[in-house]
Amino acid sequence: MVSVWEFLKGDRSDSFDTGGQFKVTLTKSQPQHAITGSAATTGYLYINLHWSTRGAERPTVGRTLRRFFDPRILRPLEPATAGSSPQSVDLDLACMYELADGSRGVVQPLGRLFGDLSKPPYIKLSGDDVSGASSGETMHINLEKKDQFKRLLVFVYIYDDTPAFDRTQAVITIVPQSGPRIEIKLDERAPAARSCAVVLIENDGEGKLSIRREVRYVHGFQSDLDRLYGFGMQWERGYKSAEKPGS
């Protein structure tokens, strides 16, 4: 893992390291996990988003034979579809937060709202990966300020022209300082969804952080997730750059 100094000065050449910890996969039937003891109060909680693109489908023998005898083979070729060729992928990792003092906000690439570890919201996004590199996107949460948190909604949104979530092979990995790492897969079919609420992290006020799998897909963006979870913030259209508008 990168050192605190390397992270703060922006040196993130190393890939995200999930270590050799035992893994817990949160599912519909087992959606919750608690982080207790020193793991919930010291160091950082690392949250990583990694995704990739499914390659082109390789034709089976049966499919090849059917195409050989198919009279439509003489027709012009149809444009490639998402299921038959690689697609560009740009997912973004983000977090809506509500602090103990009632303040609310968001950490996300849009608007370059990357957060801060030493002052509110005590959450920082490492950067913006637009291609699904091996390191993906990583968020750090300062657990020494855990008492300042009321709830954190970690979510992922499709920035631009990305195939459905089930084609991105996206995985969220949460790594505490000790104990098992936690994995949530975003592999459900949600063809029209543009955003997904992945996990809700809540402070019970007694030294325990509860992590609950949500995996709720919505057709809209941040404002729609906000309405769903009642953060009550005001939203406006955002951009990563002048050439590439988002929402």
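Which residues of helix α3 (residues 222-229) are buried? They are Gln222, Leu225, Asp226 and Tyr229. Buried means under 20% relative accessible area, exposed over 50%, and partly exposed in between, with a 1.4 Å probe and protein chains only. The four cover an arc of only 105° around the axis, which puts them on the same side of α3. That arc is taken from the directions between the helix axis and the C-beta atoms.

This is a predicted model, in which local features need pLDDT of at least 70, side-chain atom pairs count only at pLDDT 80 or more, and totals for chains, interfaces and linings use all residues. Residues are numbered from 1 along each chain as its sequence is written, and side-chain values use heavy atoms, with hydrogens and water left out.

**Around α3**

The buried residues of α3 pack against β4 (91-99), β9 (149-158), β12 (195-203) and β13 (209-218). Contact means heavy atoms within 4.5 Å. Helices (H or I, at least four residues) and strands (E, at least two) are DSSP runs, numbered from the N terminus. Gly230 follows α3, and its phi is positive, near 70°. Arg151 lies over the face of Phe231, at 3.9 Å from the ring centre. The criterion is NZ of Lys or CZ of Arg within 6 Å of the ring centre and within 35 degrees of the ring normal.

**The open sheet**

An open sheet is formed by 7 strands, in the order β1-β11-β10-β3-β8-β7-β6, with mixed pairing. β1 (23-25) and β6 (115-116) stand at the edges with a single partner strand each, so one side of each has no neighbour in the sheet. Two strands pair if DSSP finds at least two bridges between them. Strands β3 (residues 44-50) and β8 (residues 137-142) run antiparallel and are joined by 6 bridges. Tyr44 has Asn142 as its bridge partner in β8.

**Buried side chains**

| Residue | Relative accessible area |
|---|---|
| Tyr44 | 15% |
| Tyr46 | 9% |
| Ile174 | 0% |

The whole structure holds 3 aromatic pairs. Tyr44 and Tyr46 form an edge-to-face pair, 6.4 Å centre to centre with 80° between the planes. Rings of Phe, Tyr and Trp (its six-membered ring) pair if their centres lie within 6.5 Å; planes under 30 degrees apart count as stacked, over 60 as edge-to-face and the rest as tilted.

Ile174 belongs to strand β10 (residues 170-175). Not counting residues up to four places away in sequence, Ile174 touches Leu45, Tyr46, Ile47, Arg181, Ile182, Ile184, Val199 and Ile211. Ile174 and Leu49 are 125 residues apart in sequence, yet 9.1 Å apart in space, C-alpha to C-alpha.
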